[in-house]
Amino acid sequence: MEVILADYLGFCYGVKRAIKIARENASADGTACTLGPIIHNPQMVDRLRREGVGSVDRLEEMEKGTVIIRSHGVGPAVYDEAKARGLEVVDATCPHVKKAQLSAKELVDEGYSVVIIGEKEHPEVKSIFEWSSGKAQIIETEDEAEAIEPCGKLGIVCQTTFSGARFRQIVMRLLEKSRDIRILRTICTATDQRQAAAIDLASKVDLMLVIGGKNSANTTRLAQLCSEKCLTYHIETAAELQDEWFDKIKKIGITAGASTPDWIIKEVYKSVRTDEHGRVISTGVPAGYPGAHHCKR
């Protein structure tokens, strides 16, 4: 039996940066809060809460203190409201998300009809939409692309964690909508790397474990891609592992979403081992655990 870690998994640069910023602004008196969960990983959010970084859903819940803008970003109106309420604003928006936001604004300012390719209910996509002054159209399927009306100037931006392959398919449907098209491919490199590494590993193993929040779009996408290659389980922690999953399994692959902390990846890795007969079981800690240096960034 082999247990293999994907070449790229776990925290991306933007998430690492957001966590660092949150910790630097922690407050023992509970006056430092993120607006919404800083990343889509409930275990990390809970750990930050214990370290002095709370979470609120609305600015109205804060009477004073520091509001930390989460990695997914927010629209410009939120900054104005926070300032009007006398709150200190610390911006932990992922730089790649910020680029997508400003790209949408730039395209609108230059007179383009803007299409955002992404998941309509994802907070990042909502923030990009707000930076377009609410003028953009959000689509996530080829059929929706077909329904876009032809226009003089068409600008295209994308959710940073969207599938590169799906982005290309949708863009192909949009090319006929205008003779003046600007395509700003705002998908994060880390997303491409994680997806490519996960697909490659899934094609070589019998079973994939995809670790990350069930509310994480990029982790869910990794699980979907892996499931097209082999048996796949999306888990948040090692506590979800079940012994029967590993019956007759010889090779196990492990990957994790961009918002999954190292300690959870290590926990899952250490929980998967073989017994004296070479059968995979899901309890115990193997000798010689390779550690975080196998988790490339």
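Predicted model: local features only at pLDDT ≥ 70, side-chain atom pairs only at ≥ 80, totals over all residues.
Residues are numbered from 1 along each chain as its sequence is written, and side-chain values use heavy atoms, with hydrogens and water left out.

L175 belongs to the loop between α7 (164-174) and β9 (180-183); helices (H or I, at least four residues) and strands (E, at least two) are DSSP runs numbered from the N terminus. Together, M172, L175 and I183 make a nonpolar surface patch of about 270 Å². Patches consist of residues with over 30% relative accessible area and no salt bridge, with nonpolar side chains (Val, Leu, Ile, Met, Phe, Trp, Tyr) joined within 5 Å and like charges within 9 Å. A salt bridge here is a side-chain nitrogen of Lys or Arg within 4 Å of a carboxyl oxygen of Asp or Glu. Accessible areas come from the Shrake-Rupley method with a 1.4 Å probe, and for residues only the protein chains shown count as cover.

## Cysteines

A disulfide is a covalent bond between the sulfur atoms of two cysteines. Under the criterion applied, a pair of cysteine sulfur atoms within 2.5 Å, the model contains 0 disulfides. For C12, the closest cysteine sulfur is that of C188, at 5.7 Å, which is too far for a bond. Both residues are assigned to the interior class: C12 is buried at 12% relative accessible area, and C188 is buried at 9%.

## Aromatic cluster

The structure holds 2 aromatic pairs. Rings of Phe, Tyr and Trp (its six-membered ring) pair if their centres lie within 6.5 Å; planes under 30 degrees apart are stacked, over 60 edge-to-face, and the rest tilted. Y233 and W245 are stacked, at 3.8 Å centre to centre with 5° between the planes. This pair links distant parts of the chain, 12 residues apart: Y233 lies in strand β11 (residues 231-235), and W245 in the loop between β11 and β12 (251-256).

W245 also pairs with F246, where the ring centres are 6.4 Å apart and the planes stand at 65°, so this pair is edge-to-face. W245 is buried at 12% relative accessibility, and F246 is buried at 1%.

## Charges over rings

A charge sits over a ring if NZ of Lys or CZ of Arg is within 6 Å of the ring centre and within 35 degrees of the ring normal. R47 lies over the face of W263, 3.6 Å from the ring centre. The charged end of K153 is placed over the ring of Y112, at 4.4 Å from its centre.

## Loop residues

Most residues other than glycine have a negative phi. S133, in the loop between α5 (123-131) and β7 (137-139), has a positive phi near 60° and is exposed at 57% relative accessibility. K248, in the loop between β11 and β12, has a positive phi of about 65° and is exposed, with a relative accessible area of 76%.

P150 is found in the loop between α6 (142-146) and β8 (153-158), where P150 is exposed at 60% relative accessible area. The C-alpha atoms of P150 and L184 are separated by 19 Å, and the two residues are 34 residues apart along the chain.

Technical notes: Buried < 20%, exposed > 50% of the residue type's maximum accessible area, 1.4 Å probe, protein only.
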